[in-house]
Amino acid sequence: MPILSVSIHSGISDGELSSDSLGKEVKRSEDKTLYKHTYPGDLVFNMMRAWQGAIGVVKNEGMVSPAYIVAKPNKNLFPRFMNYYFQKESVISQMNNLSYGVTDFRKRLYWDSFIIGNTAFPSTSEQKKISDFLDNLSDTIALHQRKLKQLNTLKQGYLQQLFPKNGEKYPKVRFANFEGHWEQCKLGDLLKEFNTKSKIEDEHSVLSSTNNGMEVRNGRVSGTSNIGYKIVENGDLILSPQNLWLGNININSIGTGLVSPSYKTFKLVKVNTEFIGPQLRVPEMIEKYKNASTQGASVVRRNLELESFYQIMIQVPSIEEQQKDGTFFKTPGGRILTPRKTGGKKE
């Protein structure tokens, strides 16, 4: 039978996961008689990670580690409802309170502690109704996630065609009525650094620049005050000098906010924000950021040399073509491109 895994993010796996899927090398006992036999509807939790949410309900028959706790619900508890119930933050918090150990990463949730937790649930018929409703929402989320993945793949394909390749002056594909070669510019000619700092506590929401985009932070990053944080507005460029080489560079599009003074902040000059945003995150640019960063004490510590960053070359067309391309990337998949002659060649 497959050996099932328990994740703090997705509960019980449907089948056996490879080391690649788990992101780590897994050592399993040669003696499979030590493993626990589980059936659909069984509750399983990892004693060492239950306080983080490593708990769920089995969907397919299999085996689990002997270190896991396995329990069977009685007739008053519908398995699918139980699976959703244990995803609630308040329930995970309760399991955290019921776990004990010297430090967080030595905490254990033992069966004797687990069974004294307080629960509240309706009749099994209402549990089924709630489960069906949440299942439908989960299916809808999964559908949109697949669509999002497809759109991101489509976007990456267009990025390769709408921007000239290294050493070329014309993109492979262009919108109609645009001609002429793209201009080579230094990033330093398109950016103007600024350091407008907050003088009032909690003047705006605190934002964070990540490798995946901008986000609003819940609470402060560190310390007790955000006075002195930089004020940024829509259209401003924010980057992390330590993590630029990993792709931590973003155009702010979530409104006026505060960012840590450790970030570099810029106003864009003579360039369309929606056009430049995608171009700043293509693999070719990430490689240039690596070359503009000096390695620190370890491989994961690199610091941006600002003057080298300013010297990075980037290609830009007329402002009208920038606006056309930028609008396209703002609404991916919403327009059809017509290939046309570029650089004297039929592409």
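Reader: In strand S7, which residue is the bridge partner of Val44?

Author: Good place to start! The bridge partner of Val44 in S7 is Val70. Strands here are DSSP runs of E with at least two residues, numbered from the N terminus. Two strands pair if DSSP finds at least two bridges between them.

Reader: Over how many bridges do strand S4 and S7 pair?

Author: Strand S4 (residues 43-46) pairs with S7 over four bridges, in the antiparallel sense. Keep in mind that this is a predicted model, where local features need pLDDT of at least 70, side-chain atom pairs count only at pLDDT 80 or more, and totals for chains, interfaces and linings use all residues. Residues are numbered from 1 along each chain as its sequence is written, and side-chain values use heavy atoms, with hydrogens and water left out.

Reader: What is the order of the three strands in this open sheet?

Author: Follow S5-S4-S7, with antiparallel pairing. At the edges are strand S5 (55-57) and strand S7 (68-71), each pairing on one side only. Neighbouring strands of this sheet are turned by 20 degrees against each other on average, direction ignored. For such angles, axes are lines fitted to C-alpha atoms (for helices over the stretch in contact), and angles run from 0 to 180 degrees between N-to-C directions.

Reader: Now the open sheet of four strands: what is its order?

Author: Its order is S9-S16-S13-S14, again with antiparallel pairing. Strand S9 (191-193) and strand S14 (249-251) are the edge strands, so placed that each pairs on one side only. The twist averages 30 degrees from one strand to the next.

Reader: Which residue in S16 stands opposite Leu191?

Author: That is Leu268. S9 and strand S16 (residues 264-268) pair over three bridges in the antiparallel sense.
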